[in-house]
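Dear colleague,

Please find below the structure that I am handing over to you, with its sequence.

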Amino acid sequence: MCGIFGYVGPKQNAAELVLEGLKKLEYRGYDSWGVGVVEDDPTSSLVNSGLRGVTAKGIAVKKRAGKIGDATVNDMPKSSFAFGHTRWATHGGVTDINAHPHLDCTGTVSVVHNGIVENFEELKEELAKAHHRFVSETDTEIIAHLIEEYLKKYPFEEAVRKTFNRCTGLNAIIAIHSAKRVMVAVRNGSPLVLGFGKNENFVASDASALLSHTREVQFLEDGDMAVVGDTHVELTNVATGKKREVKKLTLNWTMKQAEKGAYPFFMLKEIYEQQAVIKGISHTSIKQIEHLANVIKKSYGTYMVGCGSASYVSLAGSYLFSKIAKRHVNYAIGSEFGYHLDFLTPKSTVIALSQSGETMDILESVKKAKEKGATIVAITNVLGSTLYRIADEKILIGAGPEIAVASTKAVTGKLAILVLLSYALSGKTKEGIRVVTLATESMSKLLEKDSIRRIESLAKKLLKKEHVYVIGRGLSYPASLETAIKIKEISYIHAEGMAAGELKHGPLALVEKGTPCIAFLPDDETYGANLAGAMEMKARGGYVIGISHKNHEVFDYHLPVSDAREATIIPNIVTGQLLSYYLATLKGLDPDKPRNLAKSVTVK
Ligand code: AGP
């Protein structure tokens with residue numbers, strides 16, 4: 001899950017421009033970075049003529065292990081043609097050498113790559129026999145040398161095409177040659193977007209990194225190969241070489257949305273954007289939601305799938321549908337759904353939830369479900385993403401770019417859509433709007449100074465704890481799973497979410513004096529039984545934190561959350577987001593870029 005960015009055009013600060021682009025992609029992977037520039041031949045004025053195939057001298061590369069942070073590239077040659085990469089290591093350790101771009105033996109071919117070349121060892125052996133010398137441990141470097149090999153017989157573009165067709169696995173690359181003023185970008189699996197400017201063009205792993213330059217984009221499809229020059233873009237199918245039409249679309253995001261503004265971190269900004277996102281959904285998406293309800297009504301067997309936080313939203317969806325719409329929904333984790341496909345029929349509907357719309361486990365499942373003839377419904381946040389394009393029915397969350405790795409506004413946005421969808425299925429959409437509006441009111445109280453202070457001081461109490469347990473019943477069960485994943489992924493404290501009823505079947509053995517135990521106790525049919533779970537923990541010395549509409553003597557610490565009926569799961573989850581945010585920032589951690597993770601998981 002790396003970030004790729006490339007530029008070719010008149011601007012002479014291409015290296016800086018690419019570095020800025022990588023910074024906007026860093027949430028995709030941030031263990032090392034690199035920039036490569038093709039040196040413009042200063043004596044040749046032809047360079048800026050925009051003419052095709054003007055030669056230049058060589059390729060200069062700067063690459064480092066670690067986050068970009070405030071690194072610069074102003075020690076790199078001035079150039080108007082550059083590309084770069086921010087890495088999430090799969091093959092080879094986190095070192096300067098293994099960072100991208102990678103070069104061939106001659107130093108005239110260079111590649112940046114997102115994905116995994118599954119047959120790289122076999123290719124490496126073949127190339128070693130042809131006397132190629134490798135300097136890194138990566139699968140990516142193989143691509144540069146294979147292009148070099150094919151260049152002995154074919155022109156550059158053809159050499160890249162032949163090379164890409166030899167590589168198995170899900171990959172996206174940009175390849176450049178020092179004598180050619182084009183980027184050759186190829187995609188199969190991992191996302192790539194073209195950005196169109198005036199006498200300049202861009203290639204990036206996702207659209208949000210292009211917003212400061214252009215909103216005219218084209219999302220590459222699997223099998224697309226784009227030859228990108230200053231003033232021209234040619235699209236072909238990499239397997240057949242057949243031409244494909246360049247079709248631009250205009251992004252509906254603004255630059256401001258993709259910036260932190262006055263917030264210290266994107267995560268906090270995105271937490272504070274949630275009310276507006278949910279209000280937006282209940283104002284603008286009702287028609288689509290009612291249309292989806294009709295699609296689901298006609299289907300025979302509905303499945304909800306997602307990964308990570310999106311899988312917990314899917315689980316919540318199964319509770320909402322059964323509770324409000326009296327309709328059974330099968331829920332599955334994206335990476336496991338593939339083992340449950342046998343009972344899918346052309347009458348089935350698969351609702352796939354994914355913020356990025358690029359999570360490989362989801363795309364793989366959806367493609368298989370599509371082969372079974374099932375109707376695919378996408379609930380995603382990215383217009384033009386792969387899931388958005390392959391789905392039969394789609395609804396955009398409309399949360400704007402979500403930059404922080406820990407998903408917040410996309411999670412609560414999806415939940416609001418599922419609450420409204422459940423009410424639409426039972427023909428009570430207006431009531432559904434009232435219920436999600438209750439959730440936004442409850443969130444306003446939660447975001448008031450006193451409440452924030454209360455959550456922050458709880459975080460101070462839990463800072464040194466190694467383990468936290470989170471329990472809930474019914475809709476509070478997925479809320480406990482989501483809260484646990486947030487605590488884990490950004491504060492690195494081990495947290496376990498579970499169905500409260502499961503405590504006494506094992507996990508209760510872990511509770512001892514002072515063990516933090518968070519219990520969700522909303523004002524619904526689960527209150528009594530949840531309270532019993534909190535008492536079981538208290539009896540073993542647990543430090544009980546009650547997240548509830550009213551206080552109770554069993555609580556050692558109470559976080560008030562006002563009731564919003566079935567949508568109470570939304571403010572409950574926001575409470576968990578805030579607690580994990582303060583745990584992370586009080587520990588001096590960066591909540592936007594937690595270690596070992598990435599925003600969208602584009603490998604299997
Ligand atoms: C959530 O905070 C995590 N970043 C992760 O679990 C995420 O939800 C998961 O990778 C799914 O991403 P998606 O919604 O983009 O498919």
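Helix 14 (residues 449-462) and helix 17 pack with their axes 9 Å apart, at an angle of about 55°, and the two helices are therefore oblique to each other. Helices (H or I, at least four residues) and strands (E, at least two) are DSSP runs, numbered from the N terminus. Axes are lines fitted to C-alpha atoms, for helices over the stretch in contact, and angles run from 0 to 180 degrees between N-to-C directions. Angles under 35 degrees count as roughly parallel, over 145 as roughly antiparallel, 65 to 115 as roughly perpendicular, and the rest as oblique.

The model is a predicted one, in which local features need pLDDT of at least 70 and side-chain atom pairs count only at pLDDT 80 or more, while totals for chains, interfaces and linings use all residues. Residues are numbered from 1 along each chain as its sequence is written, and side-chain values use heavy atoms, with hydrogens and water left out.

Helix 14 passes helix 17 in a right-handed crossing (left-handed if the near helix is turned anticlockwise from the far one by less than a right angle, right-handed if clockwise). Helix 14 brings Ile452, Ile455, Glu456, Leu458, Ala459, Lys460 and Leu462 to the contact, and helix 17 brings Thr575, Leu578, Leu579, Tyr582, Leu583 and Leu586; contact means heavy atoms within 4.5 Å. By class, this contact has 10 nonpolar, 1 polar and 2 charged residues. Ala, Val, Leu, Ile, Met, Phe, Trp, Tyr, Cys and Pro count as nonpolar, Asp, Glu, Lys and Arg as charged, and the others, Gly among them, as polar.

Helix 17 (residues 569-586) also packs with helix 12, at an angle of about 170° and with the axes 10 Å apart. That angle makes helix 12 roughly antiparallel to helix 17. Here Val411, Thr412, Leu415 and Ala416 of helix 12 meet Ile569, Ile570, Ile573, Val574 and Gln577 of helix 17. The residues of this contact divide into 7 nonpolar, 2 polar and no charged.

A further pair is helix 2 (residues 120-129) and helix 3 (residues 140-150), whose axes come within 10 Å and cross at roughly 45°. Helix 2 and helix 3 are therefore oblique to each other, and helix 2 passes helix 3 in a left-handed crossing. Phe120, Leu123, Lys124, Glu126 and Leu127 of helix 2 make the contact with Ile142, His145, Leu146 and Glu149 of helix 3. Among the residues of this contact, 5 are nonpolar, 1 is polar and 3 are charged.

Two backbone features deserve a mention. His100 and Pro101 are joined by a cis peptide bond, with omega about 5°; Pro101 lies in the loop between strand 4 (81-87) and strand 5 (102-103). Asn199, a residue other than glycine, has a positive phi near 55° and is placed in the loop between strand 9 (193-196) and strand 10 (201-204).

On a 1 Å grid over the protein atoms alone, a cavity is a set of points where a 1.4 Å probe fits but cannot get out, and a pocket is an open set with protein on both sides within 12 Å along at least five of seven lines; lining residues have an atom within 4 Å of a point. Grid points are joined across faces, edges and corners, and a volume is the space filled by probe spheres set on the points.

The largest pocket holds about 550 Å³ of space. It is lined by 27 residues, and Cys307, Gly308, Ser309, Lys599 and Val601 are the closest to its centre. Elements that give two or more residues to this lining include helix 8 (309-324) and helix 12 (409-425), while helix 15 gives the largest share, 4 residues. The lining divides into 11 nonpolar, 9 polar and 7 charged residues.

The second largest pocket holds about 430 Å³. Of its 18 lining residues, Lys23, Lys24, Lys260, Phe266 and Lys593 lie nearest the centre. Its lining comprises 6 nonpolar, 2 polar and 10 charged residues.

The structure also holds 5 cavities of 30 Å³ or more, and about 200 Å³ of space lies in the largest cavity. Tyr27, Arg28, Asp206, Ser356 and Val382 lie nearest the centre of the largest cavity, among its 23 lining residues.

Yours sincerely
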